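Please read the paragraphs below with the structure open beside them. They go from the whole chain to single residues.

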Amino acid sequence: MSLVLSTPCGTEMIHHFIPKGAQWSLFPEKGRTATEAIYVLSGKLLLEYMEKKTILVKGDGLSSSPLTDDLIFEALEDSEFMYTTTEPIFYTYSNRVKELRELSVAIGLKDGYTDDHCSRIRDISLKVGKQLGLTQSELFVLSFGSFFHDLGKIMIPEQILLKTDPLTEKEREALKLHTVYGGAILRETGQAHLIKAAEIVEQHHERYDGKGYPIGYEKDEINMGAAIVAVVDSYDAMITDRVYQKRRTPMQALEEIKRCRGVNYHPDVVDAFIKVMQKEWNEDGTD
């Protein structure tokens, strides 16, 4: 939740509230010379800066002019803070991200998923990322890359996307381009973290054995965030009724993920995913 105050000269003061466990970030942007500052009003924020971690509490603050490094904040408890910038950013950024989120949800619905598909992929991807020990900065980028993983399908004709019969070779090649289109859309925003997330979007159909697309990367050439999304998205697809296939049970889908460990999927990611899902099932009382 945010409350924005702005002045005629362009300065913005934004009152932010973020719940425990949520993240907030500042990234440098090309051509941006603003002075930016935050002041903690309540709660406790964990700041990751240049791979160092600092805890900020009520009365703490920091500023930069201009910002030169990524700053990632995680709320260790419900927190409030004031963010001030001498150059307007809130409405431009918020509206653009909102548009992309709405597009991603609409694509998921069109592709046979429910409206929470993108959120499910993001939430499980983040749990897998934490299990693997990703940094706050990597997790923040993963949150966007996972949510927007299929954004490029907005460029794919519906007659291909919704086709129930087997795709022709030409149609399969056209569908594969959604990874490239999605990456391009995120890069065009000019937002630093979305540009980083573009790599996840572009590579989430690469395979550990090098037989994926669009490039054919293999093993550790593949972005770790993309390797995570590859597993999570495949699992979610398998347990969802689609126009061309019936859903599998969660256990059947997990067995298929295990079978493809080291072939389609990064072994470390599969192992972390299994741990995450077993914990989820134990908490839900699922066998």
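This is a predicted model: local features need pLDDT of at least 70, side-chain atom pairs count only at pLDDT 80 or more; totals for chains, interfaces and linings use all residues.

Start with the whole protein. Its secondary structure comes to ten helices and seven strands. Of the 287 residues, 45% are buried.

The largest nonpolar core has 49 residues, and the members that touch the most others are Val128, Leu142, Phe148, Leu186, Ile257 and Phe273. Two or more residues each come from helix 1 (90-110), helix 2, helix 3, helix 6 (178-188), helix 7 (192-203), helix 8 (224-238), helix 9 (250-259) and helix 10 (267-284). Helix 8 gives the most, with nine residues. Apart from this core lies another, of 15 residues, which includes Ile14, Leu26, Ile38 and Leu47.

Two residues show what contacts look like in detail. Leu186 is in contact with Leu100, Phe148, Leu151, Leu194, Ile195, Ala197, Ala198 and Val201, if neighbours within four places in sequence are left aside. The other example is Ser125, found in helix 2 (residues 117-131). Is Ser125 buried or exposed? Ser125 counts as buried because its relative accessible area is 0%, and the cut-off for buried is under 20%. Not counting residues up to four places away in sequence, Ser125 touches Leu142, Ser146, Ile228, Val229 and Val232.

Next, look at the strands. Strand 4 (residues 36-49) pairs with strand 5 (residues 52-57) in the antiparallel sense, over six bridges. The two strands form a hairpin with two residues between them. In that turn, Met50 has a positive phi of about 50°. Leu46 stands opposite Ile55 in strand 5. In a regular strand, side chains alternate between the two faces of the sheet.

Last comes the surface. Ile154, Met155, Leu177, Val180 and Tyr181 make a nonpolar surface patch of about 400 Å². One of these residues, Ile154, sits in the loop between helix 3 (136-147) and helix 4 (158-161). Why does Ile154 count as partly exposed? Its relative accessibility is 35%, and partly exposed covers the range between the buried limit of 20% and the exposed limit of 50%. A residue also needs over 30% relative accessible area to belong to a patch, and Ile154 has 35%.

Conventions: Residues are numbered from 1 along each chain as its sequence is written. Side-chain values use heavy atoms; hydrogens and water are left out. Patches are made of residues with over 30% relative accessible area and no salt bridge: like charges are joined within 9 Å, nonpolar side chains (Val, Leu, Ile, Met, Phe, Trp, Tyr) within 5 Å. Accessible areas come from the Shrake-Rupley method with a 1.4 Å probe; for residues, only the protein chains shown count as cover. A salt bridge is a side-chain nitrogen of Lys or Arg within 4 Å of a carboxyl oxygen of Asp or Glu. Helices (H or I, at least four residues) and strands (E, at least two) are DSSP runs, numbered from the N terminus. Buried means under 20% relative accessible area, exposed over 50%, partly exposed in between (1.4 Å probe, protein chains only). Two strands pair if DSSP finds at least two bridges between them. Contact means heavy atoms within 4.5 Å. A nonpolar core is a set of buried Ala, Val, Leu, Ile, Met, Phe, Trp, Tyr and Cys residues joined through side-chain atoms within 4.5 Å.
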